Amino acid sequence: MSSGVLSRLNGAEHADVSVRRLPIGDYELDGRLLIERKTFPDLVNSIKQGRLFDKACRLANADRWAAILLEGSFRDLARLR
């Protein structure tokens, strides 16, 4: 919710937005695509804590297409060093 995606989608002309907790993923599009959103710091922490691969396996086994969306810039990545 804090990423700004929800506010942009609410402003889109052809988007029907509903907010609910999903069993896996952060967004579901048209009942056919699951998206797991990660910022660079979250991605690094997920790898270090071993959560990323479990999440990726759950997404891969879902009954829909799935994607991991990385948000950020090279500056965000450089700050992690």
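Strands β1 and β2 form a hairpin with three residues between them, and in the turn Asp30 has a positive phi of about 55°. Helices (H or I, at least four residues) and strands (E, at least two) are taken as DSSP runs and numbered from the N terminus. The structure is a predicted model, in which local features need pLDDT of at least 70 and side-chain atom pairs count only at pLDDT 80 or more, whereas totals for chains, interfaces and linings use all residues. Residues are numbered from 1 along each chain as its sequence is written, and side-chain values use heavy atoms, with hydrogens and water left out.

The mean pLDDT (the predictor's confidence in each residue, from 0 to 100) of the protein is 84, and 94% of its residues reach 70 or more. Confidence is lowest in helix α1 (residues 5-11), at a mean of 71, and highest in helix α3 (residues 51-60), at 93.

Two strands are said to pair if DSSP finds at least two bridges between them. Strand β1 (residues 27-29) runs antiparallel to β2 and is joined to it by three bridges, with Ile35 of β2 as the bridge partner of Tyr27. Strand β3 (residues 65-71) runs parallel to β2 and is joined to it by seven bridges, and here Leu34 is partnered by Ala66 of β3.

Glu36, which lies in β2 (residues 33-39), counts as buried because its relative accessibility is 4%. When residues up to four places away in sequence are not counted, Glu36 is in contact (heavy atoms within 4.5 Å) with Gly25, Asp26, Lys55, Leu59, Ala67, Ile68 and Leu69.

Note on methods: Buried means under 20% relative accessible area, exposed over 50%, partly exposed in between (1.4 Å probe, protein chains only).
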